[in-house]
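Please examine the sequence and the structure shown below. The paragraphs after them give a guided reading of the fold.

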Amino acid sequence: MAKVHQLSRPDARRIAIRAQLLTADRPAGLLETLRQLMTVQLDPVSAVAPAADLVLWTRLGSAYGPGDLKAALADRRIIELSAFLHPAEDVALYRAEMAAWPRGLGGPAPRHGRQRDWVAANERARRDILARLRDSGPLTSRDLPDTCDIPWESTGWTNNKNVIRLLGFMAARGEVAIAGRQGRDRLWDLAERVYPDDPVVPLEEAGRERDRRLLRSLGISRASGQESMFTSGGGAAPGEAATVEGVRGTWRVDPALLAGQPSFPGRAALLSPFDRLVYLRTRALELFGFEYQLEMYKPAAKRRWGYYALPILYGDQLVGKLDATADRSNGVLLVSAVHQDVEFTPEMSRAVDAEITSLAGWLNLDLRRAAALPSGAWRTFTTSPGRMRAASPSAHSC
């Protein structure tokens, strides 16, 4: 019978932090970072900075500039797939799934039959898009006329968005690909002109390899259920079994992060709401005791932490949230509050302060602290689930 590793919560947290490259030992460069993270999510909201840029800056620090990512995308070292960034060589792990569309790794979902039938009903439009891209690509969706015979029906924002939906399904089939961006608009081209001409990895093997790389990037993950991100369907989960003290159920852990680890070199870090360390909210609560929601869709009066609050990591704990906004028109990074889940020590305050100052410098913005106190400190808050109260600035201010 395979051994089940017994982990304390600090052990589990440190495994996750090491896997996500969030220790003081910063990674060497952009591609090395992305290969370890496996993927980085794109998101159009840039209240502080675009999500992908913020994730990469958090790892690489001032050595990273948004121009680095743009250059890597332009020369196809990095590829965008379904609003996620991937190392170009990893596209080979998705091509078999594209060829099998709409079946995929988990088998066809009921909605996939509807998608398949809709694409088939609009064969003429699909061929027209391919011909236009072949002759004139890359093109935005705005450049492509809607020649669909059957409109896409939905109760959501995609209703009658025929060209956008068809392009999305054609990308899922591996026929077209995102070749770049024109502002926020995606540029589409034939997949054969965008993707590397690497051998395609067979479907089931690709699923196992993607799961292995995912566990390597997370360090520790649930093997199944809503909090699992594994994709190989009924196959064996990667890694080795583990339990975490005080947390129900079993986990899978990357064995490379279990043995022979030196002392833990923690640091302070400001995380994107889309950062993989906090993206699975239940996992963050179970391992870190960290409660978080992205509140930009809530009415302002109902927000506890702010429109786009950044989780704060210190050492092996998630210790609070930073409510900050990049006011680019006035050239300032406005810090409205530092919400403390635990009372900051002077050392923690200095480390978080330095990271916020570094963020402002990286954004090329002046740092402005809202609700300034006589001492020049920031207004800080101690938070607990369901309530928030102003804290004594003299005791723990950043």
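The account below moves from the whole chain to its sheets, and then to its helix contacts.

The model is a predicted one. Its chain is built from 12 helices and 16 strands. Of the 398 residues in the chain, 51% are buried. The accessible surface amounts to about 18600 Å², and carbon and sulfur atoms contribute 50% of that area. When contacts between residues at least 6 apart in sequence are considered, 63% of them join residues at least 24 apart.

The sheets may be taken in turn. Strands of a sheet pair through backbone hydrogen bonds, in either the parallel or the antiparallel sense. Strand 3 runs antiparallel to strand 4 (residues 84-87), and four bridges join the two. Within this pair, Ile78 lies opposite Pro87 of strand 4.

Another open sheet contains four strands in the order 1-8-9-7, with mixed pairing. Its edge strands are strand 1 (5-7) and strand 7 (220-222), each of which pairs on one side only. From one strand to the next, the twist averages 40 degrees. Strand 8 (residues 240-244) and strand 9 (residues 247-253) run antiparallel and are joined by four bridges. Here Glu240 has Val253 in strand 9 as its bridge partner.

Helix 9 (residues 203-218) lies across strand 7 and strand 9 and runs at about 120 degrees to strand 7. Leu203 belongs to helix 9. Is Leu203 buried or exposed? The cut-off for a buried residue is under 20% relative accessible area. Leu203 has a relative accessible area of 12% and is therefore buried. The C-alpha atom of Leu203 is separated by 6.0 Å from that of Glu97, although the two residues are 106 apart along the chain.

Strand 11 (residues 310-314) pairs with two strands that may be followed one after the other. Strand 10 (residues 268-270) pairs with strand 11 in the antiparallel sense over three bridges, and Ala269 stands opposite Leu313 of strand 11. Strand 12 (residues 317-327) also pairs with strand 11 in the antiparallel sense, over five bridges. In that pairing, Tyr314 has Gln317 of strand 12 as its bridge partner. The hairpin of strand 11 and strand 12 has two residues between the strands, and in this hairpin Gly315 adopts a positive phi near 65 degrees. Strand 11 is mostly covered, with four of its five residues buried.

The helix contacts complete the reading. Two packed helices are described by the angle between their axes and the distance between the axes. Helix 1 (residues 9-19) and helix 11 (residues 281-288) pack at an angle of about 135 degrees, and their axes are 9 Å apart. The two helices, helix 1 and helix 11, are therefore oblique to each other. On the side of helix 1, the contact involves Arg9, Ala12, Arg13, Ala16 and Ile17, which meet Arg283, Glu286, Leu287 and Phe288 in helix 11. By class, this contact of helix 1 with helix 11 comprises five nonpolar, no polar and four charged residues. The buried residues of helix 1 include Ala12, Arg13, Ala16 and Ile17. Just after helix 1, Leu21 takes a positive phi of about 60 degrees.

How do helix 7 (residues 123-136) and helix 8 (residues 162-172) cross, and at what angle? Their axes come within 11 Å and cross at roughly 75 degrees. Helix 7 and helix 8 are therefore roughly perpendicular to each other. Helix 7 contributes Ala125, Arg126, Ile129 and Leu130 to the contact, and helix 8 contributes Leu166, Leu167 and Met170. The contact of helix 7 with helix 8 has six nonpolar residues, no polar residues and one charged residue.

How values were computed:
Residues are numbered from 1 along each chain as its sequence is written. This is a predicted model: local features need pLDDT of at least 70, side-chain atom pairs count only at pLDDT 80 or more; totals for chains, interfaces and linings use all residues. Side-chain values use heavy atoms; hydrogens and water are left out. Buried means under 20% relative accessible area, exposed over 50%, partly exposed in between (1.4 Å probe, protein chains only). Two strands pair if DSSP finds at least two bridges between them. Axes are lines fitted to C-alpha atoms, for helices over the stretch in contact, and angles run from 0 to 180 degrees between N-to-C directions. Angles under 35 degrees count as roughly parallel, over 145 as roughly antiparallel, 65 to 115 as roughly perpendicular and the rest as oblique. Contact means heavy atoms within 4.5 Å. Ala, Val, Leu, Ile, Met, Phe, Trp, Tyr, Cys and Pro count as nonpolar, Asp, Glu, Lys and Arg as charged, and the others, Gly among them, as polar. Accessible areas come from the Shrake-Rupley method with a 1.4 Å probe; for residues, only the protein chains shown count as cover.
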